[in-house]
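Have a look at the sequence and the fold before reading on.

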Amino acid sequence: MTFPSKEYFSVTEVAFRWQRKVKDVEYCIENGLINAHIKVCAVKLSPITNNNESEICEFTGYMRVSPEDCHILFRHNKRTISELLSKTESQKIRLIQPEKIIITKVDLLIFLDDLREFEQKYKLACEQPELPLWDKNQPESIKNLTAYSDNDMIVIGKDVYTFGHLQAKIIKELYKAASTDNPWVLGKNLLSDSGARTQHLKDLFRSHPILARIKYRSKGYYCLMIT
């Protein structure tokens, strides 16, 4: 049985769909080329008309985030907002209860209709029409996909990982080594070359889901498991 079609995607999923870097997707969002939304639950909102609050309503659903707020979010990893935009118009909506919310990149959603409109406008070809959807009936060539990587994203099997700047430098080198006959890399060299100030490589990936794939060997050597 095929998994149901998704109506929206995360920023990381869009990057994978386009086979582009996450930074490219962020560029499109913060410059208003494609809309980004968040889902809010049981908040109280009020439309802003001539700088006056009108009727207040409780709302659960999707609201647009302004490109300006997304620009700040991408550079500081979070953004406190008190206003949103209506999903179909550019009307500003003020948060009443709570008065402010904090959003991160993982909260951003990009709707499939917006994706298709963008792809048609810019004649952008996609690797697959629906990504990432993984089910047991997929061909072996898809299920056993080893990896797709760039500086800030790597996909191993069906797991998608994103990284900060220093993490991305180290993962790139570990991934390159993992594709050779000698996958082990000296950790202190990776830290030095990346400019990281931590003494132990795993400290840089503390609480990151890819940590389980980073294996340690005696004398300070590390490798990335990509199979």
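Which residue in S12 is the bridge partner of Ile-154? It is Tyr-161. Keep in mind that you are looking at a predicted model.

## A pair of strands

Strand S11 covers residues 153-156 and strand S12 covers residues 159-162. The two strands run antiparallel, and four bridges join them.

Now look at the turn. S11 and S12 form a hairpin with two residues between the strands. In this hairpin, Gly-157 takes a positive phi near 65 degrees.

## Glu-13 in helix H1

Next, find helix H1, which spans residues 11-18 and includes Glu-13. Is Glu-13 buried or exposed? Glu-13 counts as buried because its relative accessible area is 16%, and the cut-off for buried is under 20%.

## How H1 meets H4

Two packed helices are described by the angle between their axes and the distance between the axes. For H1 and helix H4 (residues 112-121), the angle is about 35 degrees and the axes lie 13 Å apart. H1 passes H4 in a right-handed crossing.

On the H1 side, the contact is made by Val-14, Arg-17 and Trp-18. H4 brings Leu-112, Leu-115, Arg-116, Phe-118 and Glu-119. Sorted by type, the residues of this contact between H1 and H4 are five nonpolar and three charged, with no polar ones.

Definitions and conventions:
Residues numbered from 1 in each chain as written. Predicted model: local features only at pLDDT ≥ 70, side-chain atom pairs only at ≥ 80, totals over all residues. Heavy atoms only, no water. Buried < 20%, exposed > 50% of the residue type's maximum accessible area, 1.4 Å probe, protein only. Pairing = 2+ DSSP bridges. Axes fitted to C-alpha atoms, helices over the stretch in contact; angles between N-to-C directions. Left-handed = near helix turned anticlockwise from the far one by under 90°. Contact = heavy atoms within 4.5 Å. Nonpolar A, V, L, I, M, F, W, Y, C, P; charged D, E, K, R; others polar.
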